[in-house]
Amino acid sequence: MKLAGRMILDKTFTTLTALSVLLLSVILLVVLGPMIYRGSGAVIFRGTVEFRKMQMGLFERGDAEALDAEIAQAQEVRDAVYRQIDEFRQGIDTEELNEKARKIHREFGGELRSNGITGDEYSELRSLTKDIRDKLEEASESQDKALIRRNIEDVLEHQDDDRLKGTLAAGFFPLAANFSKAVENADLAKLSQYTEAIEQVEDILRQLFGPKPGEPTPALARMRYGATRCDQAQILLGKLLWIEKWVQTEPGKPLEKIKTPRSEQFAGTPLESLPGFVEKNLAKMLRPRLTFYWQYFIDDSYNSHYFGGVGPEILGTLLITVLGMLFAIPLGLVSAAYLVECASDNLAVKIIRMCINSLAGVPSIVFGLFGLAFFVLYLLPTFGLPSQGCILAASLTLAILTLPVMIRASEEAIRSVPQTYKEASLALGASRFRTFVTVTLPAALPGILTGIILSLSRIAGETAPILFTGAVALGPVPKSVFQPTRTLSYGSYDMAVGDRVAMMVPHNQYGMVVTLVVLILLLNGMAIMLRGRVFKKLQGR
Amino acid sequence: MDKGNSTLTLKRTAGTFRPLALTPSEDLKGYILAHLGRAVLFLIACTSVIAIFLIFLFVIRESVGFLQTESLWGYLSKTGWYPQAEPAKFGSVAIIAGSLYVTAASLAFAVPIGILAAAFLSDIVSFRIRAVVKPVIELLAAIPSVAYGFFAVLILAPFLQKKFGFPTGTNALNASIILAVMALPTIISVAEDSISALGRELREASYSLGATRMETMFKVVIPAAHSGIIAAVVLGMMRAIGETMVVWMASGNAAQIPHPWWDISQSVRTMTATIAGEMGETPKDTSHYYALFMMGVLLLVLTFSLNIVSEYFLSRAKKATGRA
């Protein structure tokens, strides 16, 4: 009995330990999986004609003639949508209608006079157009459908009047026709609501297709183009098809999202079919195509990363990392060599070791404070340089931060070189220095390389130390090491929390962080593989 | 042919005949060079010492100004942190409490999982599976903190909010979970080292007495390796306390002590996040600036003493396994 209990406990324990390790793998997958999946959308996606337009406009990339042809084809279908809206708007805009009717009547008089028509005929025609104008006005201000129909019919009766043909007065008839078409089945009480609804629709269309042809080009690059990606277009289409409202269904409960079809808003009008038409013809209007946007990694960005890529960020990260390693590698290597080859176990070495361990434990934000206080506020002004965060200060700060990693890895690598190598070299009469440079160092090189790669990845990913010493969220590409730069790490932070525009382009948000993560994982994978080979070599010995 | 060449040959022949004999000047030169070289190497090796010294010097130097206008006791004993108010208030209790709160919560997640995983890696699993699991842990450690923060804000926070109905997804729980994930690799690798360093004798003695694997683990191995495990926990704690980006992005940044204290779904603010969030907009030589550097000093002292504690336990662990 008791034994059985103990065995069950033992099995439970074993399962628990296995589960804990499984949990780690699951965490790794959960953290990386969605990020990489969504981040890859920044590079591989279904790009629309707007994307190609943007590429041409901002980066001068692509085939201009083919693009123009494509735009023309898409524009043909889009024009149908715009035309429908314009006609409807003219129909329901009673003020504009009255205005136009009055204008036609007024100018018609002038036209008659200039045509030399006077006397009875003149006054007859004038009273006729006045009559038409009044009828239109009456109809447009009325809520009574029967009256409207009668008046419109009366007006349209004169359509075949030869005296009006070819004159300004002929302009009355399209007005009347548009109006009658618009209000035929519409709910007249809702006329004013239509205007608002049309504005919403036009706003969505502008986001989908960019500004209408003929409209002035907006100053902001991100307003100049429509939906550049298929996923974006689908979201906008959803907004076009459905109206979202947050409604409180029961008191005390959180608001609930309720969707109603937009076509209901236009029930009975010619626009009722518009959302459906856009949905059906979206592909013709946007012409999506699978796009591999590798230039994401070299392009500059526009409007807080709304368009473009992460080129300057990658450049900044590389600059800071390489410069930092230029300081960290010699210092770390020499320190490690001293600790292994020269040092006995005296007090000085104990202090050095303690300091290395303490350095490894200093919080990264304190490195940032130190970099600010020492490099930016003290050292740079001492050398007569502007006291601002810059690449040099950031990389020096990071070099100190990574020094312990570098020292420990190199120390281990140097220590693992078999004593017999060194002894053989010394026995041949080589000095200790020579032995170290020509025998120990080459043998330890793979291990040291692993350490270097690990330090690299540490530096590239750190954010807190460079917050005040050289990273900016937006800014020009640096021209010297005395200027601040954008980096992938700080950019990822900024896009995750600081940036409103970034929220509209999740693919770019994820793209930035995934670029960083993939860069670092590649470096680490390299280090792991390199170490595996060293390990095998040592085992084979 | 010419004179220089012939002297060289002469020297070389002399060298082959008397390989070990050096003239006094050569001897002296070699002695001086060797010692000079050593001195230079020593100086370079001291970079870390100098760096630590400079870090303390400059962070403390910038914080001293705070003591001229405010009292250190008030800083450490009051709760209100209103640097923009008139007069400004710098009471850091809530912020220090936030740091400790998040750290403790993350350790509560990380320590049990970490020790179980360490036991799994050292005592249970075959070498081949170990070779697969180790890189997983290393990759977890390699993911940059800002990427974890990104995950916390954009993926975990909405999930927590939806799933548990918290008023906000960026809260102490979110930060603790991510910090636990970040502390796990440290805890696992140090604990595993110390557990597997114990050797077979202890375990075999325990098994031969009829103990199951679990009993061996909990009654023999872990008590014997307790120094190393404590060191692992302390190192994980250092990682959690010093972490900046994750807590800045995920903890909600409200300078308050959770009330009631066990309500982990409230927002807190930590020392690191306070520095990171406020230093950017703070002009130099204001009391706010000094106060932030004072917080840096606190952090530095805290991690430095934790480091000494961990070193103490690590050396004890080393001694213990040396004896066994």
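In chain A, the confidence of the predictor, given per residue as pLDDT from 0 to 100, is lowest in helix α7 (residues 172–183), at a mean of 76, and highest in α14(A), at 91. The mean pLDDT of chain A is 83, and 97% of its residues reach 70 or more. This is a predicted model, in which local features need pLDDT of at least 70 and side-chain atom pairs count only at pLDDT 80 or more, whereas totals for chains, interfaces and linings use all residues. Residues are numbered from 1 along each chain as its sequence is written, while chains are lettered from A and ligands numbered from 1 in the order in which they are written.

### The two chains

Helices (H or I, at least four residues) and strands (E, at least two) are DSSP runs, numbered from the N terminus. The radius of gyration is taken over C-alpha atoms, and the globule rule is 2.2 Å times the number of residues to the power 0.38. A residue is buried if 20 or more other C-beta atoms lie within 10 Å of its own, exposed if 12 or fewer, and partly exposed in between, with C-beta atoms placed from the backbone. Two residues are in contact if their C-beta atoms, placed in that way, lie within 7 Å.

| Property | Chain A | Chain B |
|---|---|---|
| Helices and strands | chain A: 19 helices and six strands | chain B: 14 helices and two strands |
| Radius of gyration | chain A: 37 Å | chain B: 28 Å |
| Buried residues | chain A: 40% of 541 residues | chain B: 44% of 324 residues |

For a compact globule of 541 residues the rule would give a radius of gyration near 24 Å, against the 37 Å of chain A; for 324 residues it would give near 20 Å, against the 28 Å of chain B. Among the contacts in chain A with a separation of 6 or more, residues 24 or more positions apart account for 73%, and in chain B 75% of the contacts between residues at least 6 apart in sequence join residues at least 24 apart.

Chain A is divided into domain 1 (47–63 + 197–293), domain 2 (82–188) and domain 3 (307–540), with bounds that come from an automatic or database domain assignment. The centres of domain 2 and domain 3 of chain A, taken over C-alpha atoms, are separated by 79 Å.

### Where chain A touches chain B

In the contact between the chains, 67 residues of chain A meet 67 residues of chain B. The elements of chain A that give two or more residues to this side include α1 (2–40), α11 (311–342), α16 (432–461) and α19 (506–540). The largest share, 19 residues, comes from α1(A). By class, the residues on the side of chain A that touches chain B divide into 50 nonpolar, 15 polar and two charged, where Ala, Val, Leu, Ile, Met, Phe, Trp, Tyr, Cys and Pro count as nonpolar, Asp, Glu, Lys and Arg as charged, and the others, Gly among them, as polar.

Two residues of helix α19 of chain A can be taken in turn. A:N524 has its place in this helix, and A:N524 counts as buried because 22 C-beta neighbours lie inside 10 Å. Leaving aside its neighbours within four places in sequence, A:N524 is in contact with A:S457, B:E138, B:L139 and B:A142; A:N524 and A:S457 are 67 residues apart in sequence and 6.9 Å apart in space, C-alpha to C-alpha. A:L522 is also placed in α19 of chain A, but A:L522 is exposed, with 12 other C-beta atoms within 10 Å.

### Local elements of chain A

The buried residues of helix α2 (residues 49–59) of chain A are A:V49, A:E50, A:F51, A:R52, A:K53, A:M54 and A:Q55, and what covers them includes β1 (44–47), α3 (64–92), α10 (274–286), β4 (289–292) and β6 (307–308) of chain A. Just after α2(A), A:E60 takes a positive phi of about 50°.

Strand β2 (residues 242–247) and strand β3 (residues 256–261) of chain A pair in the antiparallel sense over six bridges, a pairing being assigned if DSSP finds at least two bridges between two strands. Along this pair, A:I243 stands opposite A:T260 in β3(A), and the bridge partner of A:V247 in β3(A) is A:E256.
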